[in-house]
Amino acid sequence: MEEIYMNVEYEKPVDPGPSTNPTGPRSSERRFHGAVVLCLGLLSVFLLAKLISLGVHYSTRGSDIDLSTIKANLTERLQASENKLSSVSAERDLLNASLTEKTKELDRLQSLSKEKGVCPAGWRGFSCACYLLSEESGSWENGREDCREREADLVVIGSSEEQMFLSNFTERETQAWIGLTDRVEERTWMWIDGAPLSLKYWLKTQPDNGGGHGTLGEEDCAHIITGGNNFNNWNDLSCNTRMRWICEKMV
């Protein structure tokens, strides 16, 4: 029987290298590392979210504080503006009053700068006005009506210079009505233009409203005695007393 010989080659075992078996020790180590990384990642996300939340919270509180501060500042500025406006209004009123006085003074100066001889015939000029002593006599009301018909009125004495001028209006002593009366309220003397009596040039013991003599009646109208040596020369008499009068009108 033939013998059959077979050559059998045996291969050397090859080192397979590191094991790829998922159940090996190195696979466990990788899973552990991955879990740690995942936890750290989640922790980072949590901390980031917390920081964002805290930032928003304090940012909101800061905004509220800023808004309150802004509101307080605006309120303070508004109050300061209102106070300043009130002060400006008061200054405006003072300036308006001053302007009115300056305007009056300017009108007076302009009148003084006019040429002489602007008063009508028979009238005498002084400062910025013309004066006329009537020829006829009558009551206080008669005198006022006559003056108004001449586009004037009974004289209103507003300065010591004007009082001196009228005191010397005539050479001889003459009594004449002036625009002063207390008929509206007893003992409250007022000029016919509504101005209260400030400068006073009464005779001694005057006004006396008749001095208690019933026959003289109420003495509610004033007159001046011109041409005398007495600078204080006003007296009160019954408005129905007949005498001359002095008219005054502006030029």
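Which residues form a disulfide with sulfur atoms 1.9 Å apart, Cys119 being one of them? Cys119 and Cys130 do so, a disulfide being a pair of cysteine sulfur atoms within 2.5 Å.

The model is a predicted one, in which local features need pLDDT of at least 70 and side-chain atom pairs count only at pLDDT 80 or more, whereas totals for chains, interfaces and linings use all residues. Residues are numbered from 1 along each chain as its sequence is written, and side-chain values use heavy atoms, with hydrogens and water left out.

**Disulfides**

The search of the whole structure finds three disulfides, listed below.

| Pair | S-S distance | S-S torsion |
|---|---|---|
| Cys119 and Cys130 | 1.9 Å | about -85° |
| Cys147 and Cys247 | 2.0 Å | about -85° |
| Cys221 and Cys239 | 1.9 Å | about 95° |

With the bonded cysteines numbered in sequence order, the pairing reads 1-2, 3-6, 4-5. Cys147 belongs to helix H2 and Cys247 to strand S8, so this pair ties together parts that are 100 residues apart in sequence. Helices (H or I, at least four residues) and strands (E, at least two) are DSSP runs, numbered from the N terminus. Cys147 is buried at 0% relative accessibility, and Cys247 is buried with a relative accessible area of 1%; buried means under 20% relative accessible area, exposed over 50% and partly exposed in between (1.4 Å probe, protein chains only). Cys221 and Cys239 are both buried as well. The sulfur of Cys128 lies 9.5 Å from the closest cysteine sulfur, that of Cys130, which is too far for a bond.

The protein contains three helices and eight strands, in the sequence pattern α-β-β-α-β-α-β-β-β-β-β. Of its 251 residues, 27% count as buried.

In helix H3 (residues 160-167), the buried residues are Glu162, Gln163, Phe165, Leu166 and Ser167. They pack against strands S1, S2, S6, S7 and S8.

Asp146, in helix H2, counts as buried at 11% relative accessibility. Leaving aside neighbours within four places in sequence, Asp146 is in contact (heavy atoms within 4.5 Å) with Glu136, Trp245 and Cys247.
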